[in-house]
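Morning, everyone. Please bring the model up on your screens, and I'll walk you through it.

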Amino acid sequence: MMGISTIGRPVPVVRSGHVQLSILLRESDKSTLQNQIFDQIRSMILNGQLRGDDPLPTTRELSNQLGVSRNTAVLAYERLIAEGYIRTKPYVGTFVSPDLPDTAFLSSANNGGGHAAEPAAEDEPEPVAPGGALRTHRLADPDRRRLVADFWVGRPDPRSFPLKAWSQHIKARLKTAGSKLTSYNDPAGLLELRQAIAKHLAPARGVIADPDQIIIVGGCQDGFNLVGRLLVKPGTTAVIESPCYQGAAFVLESLGAKLHPAPIDHDGLDVSRLPHVRDAVAYVTPSHQYPIGVTMSLQRRIELLSWATQYDAYIMEDDYDSDFRFVGSPLTALKGLDRNERVIYLGTFSKCMGPGLRLGYVVAPRRLVDSFRRMKMLMNNGQSWLEQAAMADFMASGEFGRHLRRIRQLYRERRDALLNALAKHFGHCEVFGDQAGMHLVWKLPEGLPDAAEVEARGLAAGVGVCSLATGSALRFDKNDGGDRLLMLGFVALTEKEIEDGIARLAGALRSS
Ligand SMILES: Cc1ncc(COP(=O)(O)O)c(C=O)c1O
């Protein structure tokens, strides 16, 4: 059965027979307590958590356990009865109505407002099985430990993890943990962490978010699933960049979305290729396109936002490595330009701290906040309290800001070392995406083999470099020139390792 979540109230496990209802009352909510109880029980019925004839707690049990007056519980039940969701059997109890139409038991993902879930049309397509791309995904990576230099992408520098500060925060929190480790906590995440993130996002990314809009997730990957489960049903059109980050595309595809790839050029996503359909979702990486590394121009951003407004689409903005910008001032995230709440912003601590923490966050449009909280509860009841608490303290103490400044400088030096080494060993090189992020893309010059071959020869010589496929990028157009693009992650290697690795790669390519 479901877990339990509270905000500012005692643990509200509501039991009746075998049923435990997880009801989340928020004092900050503008809605009355009675309406919150009504809404949440109705949602549980509509999304199938509660089914016909399931028993409900008595109003006395409900009021005792939620800490509300009996009258509040009675009024909520009366409305549920009046609207046909539940019924009472004299001397027996209260039950979910057995005769609700089947269409009630649909995902009520969007019942938080505005963008309401529609009943399935008769001719709605059957869920599609994950397509070919997902089936070909390699689950195990080759053993990279034997490599002399590994330019693999997406991994931060292990030596820069702030281990000492982190262990101090963990120890301090453990000492005062009290019941935090033995109780269910707010599925949306620790309030202190959400507050710290909101404070960080405003100056760093131009995203003004209320902590209530933030849901802590297990990295962007968990965020993709959360958003996907709310907004994607079989047949939903999902716009993705071509090429794009496969982790997001696979999630959308596995939920039955119809993928709609739109090509990338120097200005980012080609918005002239957006579909003219309603209720689509679009997955984009505007700050540092994955994998190519270009930044979406302001013009395109504005066009993308107006497309979303016109067609009631939602945009998933994956801002995975935006902490690292080496040229000019930080760019405002797409979410910072979003006046109509069409953007769902995804951030992660995987790149600026480490993916082992499995911590990230979603900034939800206000009208979807409740749906997001409920879905997060359904999926896994929230993230580990301890890591969230340590991260909150690390941010609040100012150490996070200092850590970011330190690694930004270090990564810039490593980026420079890579550009210098490429120029030294290969002459003039055409590169993309070197102004930001943790990897750059090198367009292989004529005279060198294609990226897959360069990768194979590099591996044989103990140097790891990535073709787009190895770098977790999915291509939809075989003629996009992507087979001549090589991804080079530069942050996890010292300047010396970078110079030696590129020298070695050059040697391997010359000698074969
Ligand atoms: C573009 C992009 N988005 C998201 C992620 C996933 O990050 P997380 O560890 O937060 O799930 C990655 C990981 O490499 C990535 O490259």
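This is a predicted model: local features need pLDDT of at least 70, side-chain atom pairs count only at pLDDT 80 or more; totals for chains, interfaces and linings use all residues.

Residues are numbered from 1 along each chain as its sequence is written, and side-chain values use heavy atoms, with hydrogens and water left out.

What is a cavity here? On a 1 Å grid over the protein atoms alone, it is a set of points where a 1.4 Å probe fits but cannot get out; lining residues have an atom within 4 Å of a point. Points are joined across faces, edges and corners, and the volume is the space filled by probe spheres set on them. The count comes to 3 cavities of 30 Å³ or more.

Who lines the largest one? Among them are Arg205, His288, Asp321, Phe324 and Ala436. By class, that lining has 4 nonpolar, 3 polar and 3 charged residues. Ala, Val, Leu, Ile, Met, Phe, Trp, Tyr, Cys and Pro count as nonpolar, Asp, Glu, Lys and Arg as charged, the others, Gly among them, as polar.

Now the sheet. 8 strands form an open, mixed sheet in the order β7-β15-β14-β13-β12-β8-β10-β11. The edge strands are β7 (214–217) and β11 (268–269), each pairing on one side only. Helices (H or I, at least four residues) and strands (E, at least two) are DSSP runs, numbered from the N terminus. Two strands pair if DSSP finds at least two bridges between them.

Look at β14. It runs parallel to β13, joined by 4 bridges. Asp318 has Leu346 in β14 as its bridge partner. With β15, β14 runs antiparallel, again over 4 bridges. There, Gly347 stands opposite Tyr361.

Is β14 buried or exposed? 6 of its 6 residues are buried, so β14 is largely enclosed by the rest of the structure. Buried means under 20% relative accessible area, exposed over 50%, partly exposed in between (1.4 Å probe, protein chains only). Val343, Tyr345 and Gly347 point one way, and Ile344, Leu346 and Thr348 the other. In a regular strand the side chains alternate between the two faces of the sheet.

Last stop: Leu459, in helix α13 (residues 451–460). Leu459 is partly exposed, at 22% relative accessible area. Leaving aside neighbours within four places in sequence, Leu459 is in contact (heavy atoms within 4.5 Å) with Arg146, Leu147 and Gly464. Thanks, everyone.

Conventions:
On a 1 Å grid over the protein atoms alone, a cavity is a set of points where a 1.4 Å probe fits but cannot get out, and a pocket is an open set with protein on both sides within 12 Å along at least five of seven lines; lining residues have an atom within 4 Å of a point.
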